[in-house]
Amino acid sequence: MSVDQQQVMAKIKEMYPEIDKYGLQASLSFDDQKDAWMLELKKDEHELVTHIEKADAEKCLEGVECVYLSHQIGQFVRVYCEGGDSCTT
């Protein structure tokens with residue numbers, strides 16, 4: 001399966017509507033050297049940069065599993081938005 005940036009970002013935002021709710025800046029790009037999607041989330045001075053292996057992104061879009069992606073993003077949202085005062089609605 002071949003996926004593109006819009007598909008992966010749409011899935012991320014579907015899984016985590018808090019990205020838009022809390023006004024997080026989200027950017028996604030593909031790194032050919034790492035053969036992985038690079039996701040960057042920012043809110044004020046807080047930043048998360050993580051990667052999603054190409055195969056993991058494909059599995060996630062196929063509905064198989066999204067464990068790694070879910071853990072990384074969820075942790076950022078919980079720590080800086082739901083558990084802190086960095087994100088206001």
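**Salt bridges, core and hairpin**

Student: Hi! How many salt bridges are there?

Tutor: The count comes to 3 salt bridges, where a salt bridge is a side-chain nitrogen of Lys or Arg within 4 Å of a carboxyl oxygen of Asp or Glu. This is a predicted model, so local features need pLDDT of at least 70 and side-chain atom pairs count only at pLDDT 80 or more, while totals for chains, interfaces and linings use all residues. Residues are numbered from 1 along each chain as its sequence is written, and side-chain values use heavy atoms, with hydrogens and water left out.

Student: Which residue forms a salt bridge with Glu 14?

Tutor: Lys 11 does, and the closest N and O atoms are 3.4 Å apart. Helices (H or I, at least four residues) and strands (E, at least two) are DSSP runs, numbered from the N terminus.

Student: Is Glu 14 buried or exposed? And Lys 11?

Tutor: Glu 14 is exposed, at a relative accessible area of 57%, whereas Lys 11 is buried, at 19%. Buried means under 20% relative accessible area, exposed over 50%, and partly exposed in between (1.4 Å probe, protein chains only).

Student: What does Lys 13 pair with in a salt bridge?

Tutor: Asp 20, with the closest N and O atoms 3.4 Å apart. Lys 13 is partly exposed at 32%, and Asp 20 is exposed at 51%. Lys 42 also forms a salt bridge, with Glu 40; Lys 42 is partly exposed at 30%, and Glu 40 is partly exposed at 23%.

Student: Switching to the largest nonpolar core, which residues touch the most other members?

Tutor: Ile 12, Leu 39 and Ile 73, out of 19 residues. Helix 4 gives the most to this core, with 4 residues. A nonpolar core is a set of buried Ala, Val, Leu, Ile, Met, Phe, Trp, Tyr and Cys residues joined through side-chain atoms within 4.5 Å.

Student: What does Ile 73 touch?

Tutor: Not counting residues up to four places away in sequence, Ile 73 touches Ile 12, Tyr 16, Ile 19, Leu 39, Leu 41 and Leu 48. Leu 41 stands opposite Leu 48 in strand 3.

Student: How do strand 2 and strand 3 pair?

Tutor: They pair in the antiparallel sense over 8 bridges, and two strands pair if DSSP finds at least two bridges between them. They form a hairpin with 2 residues between them, and Asp 44 in the turn has a positive phi of about 55°. Strand 3 has a covered face of His 46, Leu 48, Thr 50 and Ile 52, and an uncovered one of Glu 47, Val 49, His 51 and Glu 53.

Student: Last one: where is confidence lowest?

Tutor: In helix 4 (residues 67–82), at a mean of 73, while strand 1 (residues 25–31) has the highest, at 95. The chain averages a pLDDT of 84, pLDDT being the predictor's confidence in each residue, from 0 to 100. Where pLDDT is low, the predicted coordinates should not be read in detail.

Terms used
Contact means heavy atoms within 4.5 Å.
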